[in-house]
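Hello,

Here is the structure I promised to pass on. Please have a look before you read my notes.

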Amino acid sequence: MRQVAALTKLFRNREMEIQKVFAHDFEGVYELIKKYDSVRNKQFYQNLFVKHWQTEEDFFGFMIIENGKVIAYLGLIFSKREIHCFSP
């Protein structure tokens, strides 16, 4: 998370900010997504903002906001995996 804090500090000088994306951020992110994908419908992308996994994380990625508008989005999927009978 230190890297995110460092990038946020860098972008703040340019009226930009990096934030975690939560379910309530969908509409803003969707405005960006629909510029690049006119084939899939809104429901398809809304499904990506529902927690389908059993992890502690409660967010769906990161977004860059400039002047109150989402200009970039990085979606994430979290998972836990057992390796050699050990889990992190």
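Below are my notes on one helix and on the aromatic rings.

This is a predicted model: local features need pLDDT of at least 70, side-chain atom pairs count only at pLDDT 80 or more, and totals for chains, interfaces and linings use all residues. Residues are numbered from 1 along each chain as its sequence is written, and side-chain values use heavy atoms, without hydrogens or water.

Start with helix H2, residues 26-36. Helices (H or I, at least four residues) and strands (E, at least two) are DSSP runs, numbered from the N terminus. The buried residues of H2 are Phe26, Val29, Tyr30, Leu32 and Ile33. Down the helix axis they fall within an arc of 160° (taken from the directions from the axis to the C-beta atoms), so they line one face of H2. Buried means under 20% relative accessible area, exposed over 50%, partly exposed in between (1.4 Å probe, protein chains only). These residues pack against helix H3 (42-46), strand E2 (61-66) and strand E3 (69-75). Contact here means heavy atoms within 4.5 Å.

Now the rings. Rings of Phe, Tyr and Trp (its six-membered ring) pair if their centres lie within 6.5 Å; planes under 30 degrees apart count as stacked, over 60 as edge-to-face and the rest as tilted. That gives 9 aromatic pairs. Phe26 and Phe49 have ring centres 5.1 Å apart and planes at 70°, so this pair is edge-to-face. Phe26 is in H2 and Phe49 in the loop between H3 and E2, so the pair ties together parts 23 residues apart in sequence. Phe26, Tyr30, Phe44, Tyr45, Phe49, Phe60 and Tyr73 form one aromatic cluster.

Best wishes
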